[in-house]
Structures are given as C-alpha cells and as structure tokens.
Amino acid sequence: MKIKRLIFSFFGLYLTFFTQTMVCFAQFETIKRGPWQHDAQYLDKENKTESQIIDISDEQQPVKKQNCNFLPTDTTFNSMEKRLMLLKKRTSLSLPLSFIHITSGYGYRKDPVNKGRAFHDGIDLRCRYQPVYAMMRGVVEEIGRGDTGYGNYVVVRHGDLRCLYGHLSTITVVEGQMVRAGEQVAISGNTGKSTGPHLHIRITDGVSSLNPLPLLAYIDGGIEHLDKMLTDVDEEDGSLTYRNLWRTMRRYGIHHKEVVMAQALVETGFFSSRVCLEYNNLFGLRRPSDGRYYIFDDWRESVKAYRDYVQYKYKGGDYLRFLKKIGYAEDPKYITKVRSMISRMAAN
C-alpha cells in the first residue's frame, strides 16, 4: 500500500501540468501518442518486480523507453507460447473511452458551478453518451443514482484501488459483477453536478483520492509496449503472411509496396506455388546466366533480391509501365493480372 501511494503521489505531482486539455485518439484499448509522453511506474504483481514502462519527459528532454518484464526471462518460449502470454497480458488493460480528451485535471481549480476555488478529486474526459469501459479486471463494488454530486456512478474495485466512473446516463452492470478489462460498464452522460456531458474518473486507495493520470499513463504505455512485443513476436515467427511480407518490404525500402504485394500473390498463387514453397522465391526471380530460378534459404531473402535485382533500375513514374518496359514477365497478360490483383486487394 505504501509503495502504491508513493508511486501515485510522485507521479501525481510530476503530471500536474497535464491538467490543461490533452487530446489523443484511440481505437479500442489503444491510444495514439501526441507530442507529449507519459511517465508511469507500476508493481508487476505476477513477476514480483517493479518495472518502468516509459520515462516521461518534457519535449525539450530526451525520452527514454525501457523494457517491461512482461515475460519471465529465465524460460524459453516458442512463438505461439509468447503470443498467447502477451495476448493474455494485452487483454488485461483497456482505456475507459475510445476517444481520450482530458478537459479538466486533478487538483485545485475554479469550480465550474460555484465559480470558487475547489479541489477536483479526479479528471474529466470529454464524451457524449459513449460506452465506458473497465480499465482493468475487477468487481463492481457500488452503484449510485442521483441528481447531485457524481450523479449516476459505478465503482469498480481493482484490489486495493477503486475507480469511480461518474455522471453516467446508463449503467450496464450490477453490484457484485466481475468485469474484465474492456468490458462495458456504462454509457457516459450528464447527470449530477455537471455543466455538460463528460465522464468523471476518480481513483482512491480506500483512504483518499489519487491522481488518475499515472494509471492512464500506465495503461497507455503498457498497451503500446505489449503491441510492440506482439509485433516483434510475429516478425520473429518468420511465417509467410500478408502482414509479415508488408513489414519486410517496408524494412527493405521497397517502392510501390501494393504493386509488389500483388506481384507476389500473382507469381505464387497466394503463396502456394512450388517455386514459393520449395525455393522461397516469391517473385519468380531467375538467374540471367541460365534462366534457372533463384533458390533462397528464407522467403525474406527474395524480397531483398527483388529490390537489388529489379527495383534498382526504377527511376520513378508509373511502376506498372516500368515493369512492362523491362519485360518483367513473359506472360503478355501479366500486367493485367497484377492490376486485377491490386483491385482485389483494395476491395478486401
């Protein structure tokens, strides 16, 4: 408890300047970073280690990112085991709204109703009758309804921490219900002491209120870090997928990736041809000396070879016209087939 209060107190002071409006966009359980960065520490209860997700800094200072101990370091996992473990961690976090716009921060401010100086025991998020999500796994401890104070509200308990969601229009859970991270608990609204539709979030440790910003920073940083780790696992896996092929083309600086992707699908019959499966050759690349197919140890080598053997000749302009000009394929209908594949990809 003392460690938790110290963590929240320290970062609550550090993040006081975020009481001004902060805007960022988010998909479900994700958030896009703005020019600001968040700072948060947390206690990883499963691994019993204190980890730092991200060092928050002012724009004028360098931002340091550190790894989190999301996976035990003394065990070897295959890619599927890593993916499953990371996905389990990933689904343990969620932002409270799909769009995060902080309009009022934690601490003293001018009361919007009474106009005097008063302490604001949470943060306000801009929203108009939108789904409200539990940020972590927990149990619904209390539900309140009324026309004053927080209006309609829900309190979800996460261990020693309690999170109140206030000014709700509709409550979609009941007391005693277990909720998962990302599970809807309410619809935001304008009930109670409120001057307009918004969501009020209040965090307490059972004794007093705490600044919620470090918790949002933890969720934000944790989600970003887990997403990066999942991406790394996918890349380590090395399997030939559309996503991995696109990443590999980007890594090697391939021009007109959508055209090259279509070429790979046409050449390999959606990665099913013998040249693809046996030679790891995605583009039907042949040796100029004898016309035999190049054989690669890994399909990613063929992407690099395409760049080195084909695209080095490209000087700009219509890429399909370039392919036709250099006589890339003997099939007179090849360019038509590639165009058709591009249209098919776009439709999907």
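Trainee: Let's start with Tyr129: is it buried, partly exposed or exposed?
Mentor: Keep in mind that we're looking at a predicted model. The relative accessible area of Tyr129 comes out at 45%. Buried takes under 20% and exposed takes over 50%, so Tyr129 counts as partly exposed.

Trainee: And what is the phi of Tyr129 near?
Mentor: First place the residue: Tyr129 sits in the loop between strand S7 (123-126) and strand S8 (131-133). Its phi is positive even though the residue isn't a glycine, with a value near 55 degrees.

Trainee: Phe271 also has a positive phi in a residue other than glycine. Is Phe271 buried or exposed?
Mentor: Phe271 lies in the loop between H5 and H6, with phi near 65 degrees. Its relative accessibility is 13%. The cut-off for buried is under 20%, so Phe271 is buried.

Trainee: Moving on to the helices, is H4 oblique or parallel to H5?
Mentor: Helix H4 (residues 242-251) packs against helix H5 (residues 257-268) at about 130 degrees, and their axes are 11 Å apart. Roughly perpendicular stops at 115 degrees and roughly antiparallel starts over 145. An angle between those limits therefore makes the arrangement of H4 and H5 oblique.

Trainee: Which residues of H5 make the contact with H4?
Mentor: H4 passes H5 in a right-handed crossing. On the H4 side the contact comes from Tyr242, Leu245, Trp246, Met249 and Arg250. Facing them from H5 are Lys257, Glu258, Val260, Met261, Ala264 and Leu265.

Trainee: What does Gly284 touch, leaving out residues up to four places away in sequence?
Mentor: Gly284 is in the loop between helix H6 (274-279) and helix H7 (299-309). Its relative accessible area is 22%, which makes it partly exposed. With those sequence neighbours set aside, Gly284 touches Glu267 and Tyr293.

Trainee: What distance separates the C-alpha atoms of Gly284 and Ala329?
Mentor: Along the chain, these two are 45 residues apart.

Trainee: Over to the strands: how many residues of S10 are buried?
Mentor: Strand S10 covers residues 152-158 and has seven residues. It pairs in the antiparallel sense with strand S9 (residues 138-144) over five bridges, and with strand S11 (residues 161-171), also antiparallel, over six bridges. S10 is mostly covered, and the number of its residues that are buried is six.

Trainee: Which residue stands opposite Asn152 in S11?
Mentor: S10 and S11 form a hairpin with two residues between them, and Gly159 in that turn has a positive phi of about 65 degrees. For Asn152, the residue opposite in S11 is Leu168.

Trainee: How many disulfides does the count come to?
Mentor: Among the cysteines, Cys163 is buried at 1% relative accessible area, and Cys276 is buried at 3%. A disulfide needs two cysteine sulfur atoms within 2.5 Å. By that rule, the count of disulfides is zero.

Trainee: Last one: what share of the residues in the protein chain is buried?
Mentor: The chain has nine helices and 15 strands. Of its contacts with a separation of 6 or more, 59% join residues 24 or more positions apart. Out of 348 residues, the buried share is 48%.

Key. Residues are numbered from 1 along each chain as its sequence is written. This is a predicted model: local features need pLDDT of at least 70, side-chain atom pairs count only at pLDDT 80 or more; totals for chains, interfaces and linings use all residues. Side-chain values use heavy atoms; hydrogens and water are left out. Buried means under 20% relative accessible area, exposed over 50%, partly exposed in between (1.4 Å probe, protein chains only). Helices (H or I, at least four residues) and strands (E, at least two) are DSSP runs, numbered from the N terminus. Two strands pair if DSSP finds at least two bridges between them. Contact means heavy atoms within 4.5 Å. Axes are lines fitted to C-alpha atoms, for helices over the stretch in contact, and angles run from 0 to 180 degrees between N-to-C directions. Angles under 35 degrees count as roughly parallel, over 145 as roughly antiparallel, 65 to 115 as roughly perpendicular and the rest as oblique. A crossing is left-handed if the near helix is turned anticlockwise from the far one by less than a right angle, and right-handed if clockwise.
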